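Visitor: Hi! Could you walk me through this one?
Guide: Happy to, let's bring it up.

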Amino acid sequence: PLPEPVHFGRLVEDTAEMLAETARKRGLELTVSVDPGPLLVRVKADDGRQMILNLVDNALKYTPEGGRVAVSVRNAGETLIFSVSDTGIGIAKEHIPRLFERFYRVDKGRSRALGGTGLGLAIVKHIVLAMKGTIDVQSEEGKGTAFTVHIPKVKLN
Ligand code: ATP
Ligand code: MG
């Protein structure tokens, strides 16, 4: 059976609120912008939160002090667009194709120092596919990264 509809904008706001303190401690500006209206998607609430958390955690982790992280939820007709962008270290082109593989990490030394296992994005991908969504990444080394998730909205009859 499909998961019950959840209010995705609210999940994002709740998760971002949890991360605001982390952002503040790291000297990062975290902004959250959510379009109004019932942005309903079918996902287990815990999975939805996990997906949001993993993306925002990366943005905060791979952005040096003084940087910005922007999270947004946009209403785009039949779909909802969730985006997490940062002004961080970026990702070199050659790494992009393997980014969503389990345990794949760009810079082993640096990644080890920052902690983690390299599972975050593999989990994100899995959850996005379960929602019948898509995920794209745009990145420029030294400039920043943006992950964009398209998720079909629940149709209200
Ligand atoms: P974990 O999420 O398990 O704690 P992780 O963050 O290293 O560990 P992923 O979230 O799967 O693993 O990310 C894989 C790799 O992609 C990271 O190690 C990092 O090199 C790169 N990466 C992910 N997000 C960003 C980002 N916003 N900016 C720069 N590099 C990123
Ligand atoms: Mg991660």
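Visitor: In what order do the elements of the protein run from the N terminus on?
Guide: The order is β-α-β-β-α-β-β-α-α-β-β. Here helices (H or I, at least four residues) and strands (E, at least two) are DSSP runs, numbered from the N terminus. This is a predicted model, where local features need pLDDT of at least 70, side-chain atom pairs count only at pLDDT 80 or more, and totals for chains, interfaces and linings use all residues. Residues are numbered from 1 along each chain as its sequence is written, while chains are lettered from A and ligands numbered from 1 in the order in which they are written.

Visitor: What's the mean pLDDT of the protein?
Guide: The mean is 94, and 96% of the residues reach 70 or more; pLDDT is the predictor's confidence in each residue, from 0 to 100. For the complex, the predictor gives an ipTM of 0.99 and a pTM of 0.96.

Visitor: Switching to the inside: which residues have the most contacts within the largest nonpolar core?
Guide: Those are Val12, Leu55, Val56 and Val69, in a core of 36 residues. Such a core is a set of buried Ala, Val, Leu, Ile, Met, Phe, Trp, Tyr and Cys residues joined through C-beta atoms within 7 Å. Buried means that 20 or more other C-beta atoms lie within 10 Å of a residue's own; exposed is 12 or fewer, partly exposed is in between, and C-beta atoms are placed from the backbone.

Visitor: And what is Leu55 in contact with, leaving aside neighbours within four places in sequence?
Guide: Val84, Val124 and Phe147. Contact means C-beta atoms, placed from the backbone, within 7 Å.

Visitor: How about Leu39, buried or exposed?
Guide: Leu39 counts as buried because it has 24 C-beta neighbours inside 10 Å. Leu39 sits in the loop between E2 and strand E3 (40–42). Beyond neighbours within four places in sequence, its contacts include His7, Val73 and Lys153.

Visitor: Now the ligand. Which residues come nearest to ligand 1?
Guide: Of the 23 residues around ligand 1, the nearest are Asn58, Tyr62, Val106, Gly116 and Gly120. A residue is near a molecule or strand if its C-beta atom, placed from the backbone, lies within 6 Å of it. H2 and H4 each supply at least two residues of this shell.

Visitor: How many of the shell residues are nonpolar, polar and charged?
Guide: Ten are nonpolar, ten polar and three charged. Ala, Val, Leu, Ile, Met, Phe, Trp, Tyr, Cys and Pro count as nonpolar, Asp, Glu, Lys and Arg as charged, and the others, Gly among them, as polar.

Terms used: Contact = placed C-beta atoms within 7 Å.
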